[in-house]
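Let's take a friendly walk through this protein, one region at a time. Have the sequence and the model side by side as you read.

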Amino acid sequence: MDAVQLVEREAELRALSRALDASVGAPPLVLCAGPPGIGKSALLAAAAVEAVSRGLPVARVAAQELDAEAPFALATRLVLATLEAVDRDPAELLAGPAGLVSPLLDAGRSPLGAGLGEDQGRGIGQGVRFLLAAAAPLVLVVDDLQWADEPSLAALAAAVGDATPGLRVLAATRPEPAGAVGVLLRRLAGLPGVVRLAPQPLSETAVGSLVRQRLEAPAPAFTRRCAQLSGGNPFLVEELVRTYAGTGEPATAEAALRLDELLPDGVLRTVSLRLDRLGEPAWALARALAVLGDGADLAVAASLAGLDLREAEDAADALAGADVVTVADVVRFRHPTVATAVRTTIAPFALGRLHADAARLLADAGAPVEVVAAQLVQTRPGTAAGAGTLLAEAGLHAAAHGDHGTAQRMLARALAERLEPVERWRAEAALALARVATGELSERDAGAVLDEIADAALVGEACRALALRDYLQGAYAAAIDWCDRGLALVEPRRPVATALENIRFAALAFEPTRAGEALRAREAVAAQWQAGEPPASLAATGLLASVLAGAGAPPAAVRRVTAGVPARIADADLVGVTVGTSFSSVALLWSDELDAAEQVLEAATARAHDLGSLTAFAASTQLRANLRLRQGRLTESIEASRLPLDLGRTGWALYRSWTAARLAQAHLEAGEVDLAEHALGDADAEGRMEEAFVAEAAGEIALVRGDAATALARFEHAGAVLERFGVRHPGAVAWQSGAALAALALGDAAAARRHADAAVVVAREVGARRALGRALRVAARVHDDLALAQEAVTVLADSPALLERAHALADLGGALRRAGRPREARGPLREAISLARHSGAAPLLARAEAELQASGGRRVRERASSGLAALTPTERRVAELAAAGRTNAEVAAELQVSVKTVEWHLGHAYRKLGIEARDHLAAALADPSR
């Protein structure tokens with residue numbers, strides 16, 4: 001077939017060949033669109049062969065006709081094909097955000113999780129996107145996109161939109177499919193750089209050459225009639241000639257008149273003639289396969305056809321001999337058009353009965369619920385026993401994957417069936433939630449639907465889902481209201497009640513209008529713990545840890561509360577992971593227990609992979625960005641901030657402002673002041689506790705800019721916000737130390753001493769090493785006290801907060817030099833230089849080097865001034881985006897900076913990498929020897 005369908009396709013083959021080139025700017029997607037049989041699949045197959053000949057890994061997948069009702073059906077094949085095609089350890093590929101595809105890889109368990117829904121759908125979609133990026137170089141060949149399910153197609157569009165270097169997607173679709181899939185395909189086709197191919201019908205000359213390949217000395221009138229009847233469609237030409245060849249008659253001019261009998265209804269007549277010659281068992285099996293879809297289990301198909309397995313095997317061999325199907329690992333129709341032709345031979349009521357029987361057989365064989373439901377939606381209501389229950393379950397399954405379109409179709413169809421009252425209420429509640437997720441129904445209207453449901457437990461679950469949705473989107477007041485409504489209905493200490501209580505507590509922590517209530521709630525939690533009542537859940541444990549840390553409890557108390565958290569995360573639900581581990585990690589970070597925080601975040605990331613939860617993964621990633629900042633790993637901190645901020649721009653609000661603040665501080669430590677200011681543009685924390693973190697970062701930027709008055713105002717504002725929320729731990733925001741430095745810069749020595757001394761007092765009470773070390777080194781600067789500077793270094797000697805230790809060492813070295821002890825100054829300064837270089841803290845490094853030179857010390861071996869190691873985090877990010885084909889304007893838009901800033905960073909990257917042009921960036925970045 002491929003040889004036939006590649007006639008007159010030279011232009012398309014050249015375009016596909018160019019797409020396989022590894023040069024910068026090659027198109028990330030070639031989209032071949034055309035009617036059935038025009039040769040799209042043959043073109044993709046030829047491109048795949050060429051890619052293999054070039055040594056490129058190739059993953060080939062195809063959507064199937066029933067995929068639209070099965071969330072991530074295509075993505076599951078895509079992920080499996082990618083992992084098989086790429087010669088790398090799957091564990092390595094799935095270690096980061098790509099691991100969010102994990103629910104697709106575990107066929108033995110349902111990927112459902114309490115409270116997931118859209119979160120899991122977005123998580124798996126992001127996982128597909130990152131897996132394809134991690135697997136590059138890769139050629140992904142995707143056929144029949146018109147049948148793809150919406151979540152899979154959206155994930156593919158996101159991956160193509162990234163323009164990942166080395167990723168090439170070659171896809172085929174029928175033109176203009178209807179509905180949401182059509183919208184997504186048009187969006188995909190409209191992405192920058194996409195090459196669109198539209199194979200045209202074959203000319204009469206080309207048809208004649210194909211006919212001559214099959215038939216001996218055909219008359220011109222015969223070939224001409226073949227061209228007319230087929231319309232130049234390669235597949236129809238092949239079907240027509242293949243069928244006529246079966247007659248054994250010569251292809252004369254007179255025979256041309258009989259061709260009309262073979263193809264009056266397209267391919268249907270030719271396939272029917274072939275099947276008629278094979279007999280009823282072949283017909284029965286062909287119809288069963290057409291109902292079940294490609295890749296059906298032969299035993300299930302045999303039962304549906306009324307055949308035993310031996311008869312089905314013989315029939316399959318006969319169908320393969322007649323070129324109706326192919327038989328390899330599974331039985332597939334030779335072309336989707338053949339399957340469609342067979343399906344059209346089944347009468348409507350008979351077709352409905354076959355779908356009902358297929359659903360029963362698939363359910364008995366243990367097929368996934370969405371596969372069974374895809375059959376049931378083809379039946380008439382009331383004709384299949386138990387259809388309502390299965391369709392409702394499939395709708396809930398789709399909703400859990402975030403495929404709200406499929407969820408609505410399944411649930412609405414389920415409500416047309418006979419259901420028990422509780423089943424009906426559950427379907428009605430789930431349908432309302434799915435409509436809220438798509439914006440078709442307001443939360444108020446959803447509440448009205450819930451008012452009609454006479455099952456408190458179901459309403460409580462719906463309230464929990466709506467509360468969690470609002471919490472993740474930053475609508476904290478609405479989340480509290482839903483929690484209150486649910487808690488008024490459900491029995492205390494039930495899992496749903498615990499989840500509602502935990503969401504409510506977490507939302508209170510961020511809702512400015514309920515700050516007083518939040519403070520009282522935290523005091524109550526602490527009092528219960530002091531009275532010997534342990535936390536009831538993982539989320540409650542995290543909340544307790546944050547309460548203790550916020551109140552200034554010593555690190556030992558925080559360690560004691562969080563000791564078992566990593567082990568408990570393995571089976572935690574979404575609330576447990578996002579609330580429990582996040583709050584536990586925050587408490588440990590404030591307490592300078594960075595190793596313990598690392599263990600919690602590793603466990604949280606693994607659990608996020610299990611759940612496919614984007615929220616859980618993004619939360620752990622955001623906290624990891626904070627952790628890396630405190631560890632002095634600035635490049636990793638900046639990189640880890642990107643995913644939470646990207647999500648923040650699309651509606652995910654949890655910790656967005658906190659992330660922006662920490663990203664600004666990382667850029668500032670790296671010497672990238674402009675980027676630090678731009679990072680704060682993502683913050684929107686007015687009235688919430690995160691406002692303190694934003695104010696701290698703004699104060700530090702103002703200090704660097706020389707605007708000490710603004711800096712002092714921002715630091716004092718941070719302190720006021722924390723006081724309003726009852727947080728006094730200096731590890732949260734070191735606002736008093738910042739205020740001391742700002743007052744010192746303004747020449748207000750008294751205010752500087754007051755703030756510095758207060759910071760030391762609080763830090764000594766708490767005992768967290770990083771907070772105390774910072775307070776001591778600032779107090780040493782304010783008082784010009786060498787003993788305090790030495791104490792800061794001593795306190796930080798065994799702290800994992802390497803960046804703060806480097807600052808303390810640099811300050812001590814400077815103080816020793818000014819005290820007339822230059823020889824003693826050199827040791828701390830050299831250590832500070834080493835740590836600053838390791839961290840990429842350019843301003844600190846420059847200060848320490850200047851102090852060392854002033855102390856008469858020998859210049860420490862200079863850091864790399866060229867090559868990859870010399871690139872700053874932002875220079876590397878800009879270079880990577882430019883290498884991926886982004887224009888300077890597109891890079892500027894993505895990083896939220898000016899075009900001039902991008903040009904400046906690119907110029908520095910060119911110089912350090914020893915290149916002169918953008919075209920050389922990809923090779924330079926991929927060369928580890930640089």
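Which residue in β4 does V30 stand opposite? V30 stands opposite L170. Before going on, please keep in mind that this is a predicted model, in which local features need pLDDT of at least 70, side-chain atom pairs count only at pLDDT 80 or more, and totals for chains, interfaces and linings use all residues. Residues are numbered from 1 along each chain as its sequence is written, and side-chain values use heavy atoms, with hydrogens and water left out.

Let's stay with strand β4, which covers residues 167–173. Helices (H or I, at least four residues) and strands (E, at least two) are DSSP runs, numbered from the N terminus. Strand β1 (residues 29–33) runs parallel to β4 and is joined to it by 5 bridges. Strand β3 (residues 138–143) is also parallel to β4, again with 5 bridges, and here V142 has A171 as its bridge partner. Two strands count as paired if DSSP finds at least two bridges between them.

Between strands there is a helix to trace: β3, helix α8 (residues 150–161) and β4 make a right-handed β-α-β unit. Right-handed means that, with the strands pointing away from the viewer, the path from the first strand over the helix to the second runs clockwise.

In a regular strand the side chains alternate between the two faces of the sheet. In β4, L167, V169, A171 and T173 point one way, while R168, L170 and A172 point the other way. Because 7 of the 7 residues of β4 are buried, the strand is largely enclosed by the rest of the structure; buried means under 20% relative accessible area, exposed over 50%, and partly exposed in between (1.4 Å probe, protein chains only).

Next, look at helix α16 (residues 280–292). Among the buried ones are W283, L285 and V291. After α16 comes G293, with a positive phi near 95°.

Finally, what about cysteines? C32 is buried at 3% relative accessibility, and C226 is buried at 1%. The whole structure has 0 disulfides (pairs of cysteine sulfur atoms within 2.5 Å).

Key
Expected span 1.5 Å × (residues − 1).
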